[in-house]
Amino acid sequence: MNNPNQKSFPVSWDQFHRDSRALAWRLTSIGPFDAVVAIARGGLVPATIVARELNIRTVETVAVKSYDHQNQGGIKVLKEISQSILDMAKNGAKVLIVDDLVDTGSTARLVRDMLPGAHFATVYAKPMGRELVDTFITEVSQDTWIFFPWDLDVAYAAPIGGGTD
Ligand SMILES: O=P(O)(O)OC[C@H]1O[C@H](OP(=O)(O)OP(=O)(O)O)[C@H](O)[C@@H]1O
Ligand SMILES: Nc1nc2[nH]cnc2c(=O)[nH]1
Ligand SMILES: [Mg+2]
């Protein structure tokens, strides 16, 4: 379950939108891209924002599950990349892979092997996986858990100095 020694980095919708837009800005000098492959589920939201900003209309998914809550389990591919996108990439099309974050790098390594020539982008990166990402926006320490807006709700927060209010 939750590791009490872990720091937490909660991200609001507004901040996530801004960071995903910043990623799109950074990618403008690398594209244009012919297609986006979102790593579902976490990559779906940033992939939508990046595809909108960069006018990319061909959007594909690959579904990978590596974590149960905050615990890393066996990595599973639940949906493969379609043959038409693999063929496009083989014929020289420029493909962009998008995920919300890279942590240990096992998801990134797996998907990179499916599309060896593609550009891999994430919004956040932790040190263990950073080398596997071509473009990212914010680095967070390895002992930080990132909480995405779709996993959060507005709730009471105790005062920083302790006690209650
Ligand atoms: O670098 P790694 O250690 O592989 O961790 C990063 C992956 O973990 C999370 O996905 P998760 O497996 O939790 O599935 P989800 O996207 O459906 O939330 C996250 O969205 C990345 O895809
Ligand atoms: N939400 C979330 N999922 C992850 N998967 C691997 N690392 C993380 C993280 O820091 N936050
Ligand atoms: Mg994921």
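Visitor: Which residues come nearest to ligand 1?
Guide: In this predicted model, Gly42, Tyr67, Asp103, Thr104 and Thr107 come nearest. They belong to a group of 17 residues around ligand 1.

Visitor: And which elements give two or more residues to that shell?
Guide: Those are β3 (59–68), β5 (95–102) and α4 (106–114).

Visitor: Which element gives the most to the shell?
Guide: β5 does, giving four residues to the shell around ligand 1.

Visitor: How do the shell residues divide into nonpolar, polar and charged?
Guide: Seven of the residues around ligand 1 are polar, five are nonpolar and five are charged.

Visitor: In what order do they run?
Guide: Starting at the N terminus, the order is β-α-β-α-β-β-α-β-α-β-β-β. The protein is as compact as a globular protein of its length, because its radius of gyration, 17 Å, is close to the 15 Å that the globule rule gives for 165 residues.

Visitor: What box do the C-alpha atoms fill?
Guide: Along the principal axes, the box is roughly 60 × 35 × 25 Å.

Visitor: What share of the residues count as buried?
Guide: Of the protein's 165 residues, 31% count as buried.

Visitor: On to contacts. What share of those with a separation of 6 or more comes from residues 24 or more positions apart?
Guide: Such residues account for 58% of those contacts in the protein.

How values were computed:
Residues numbered from 1 in each chain as written. Chains lettered and ligands numbered in written order. Predicted model: local features only at pLDDT ≥ 70, side-chain atom pairs only at ≥ 80, totals over all residues. Rg over C-alpha atoms; globule rule 2.2 N^0.38 Å. Buried ≥ 20, exposed ≤ 12 C-beta atoms within 10 Å, placed from the backbone. Contact = placed C-beta atoms within 7 Å. Near = placed C-beta within 6 Å. Nonpolar A, V, L, I, M, F, W, Y, C, P; charged D, E, K, R; others polar.
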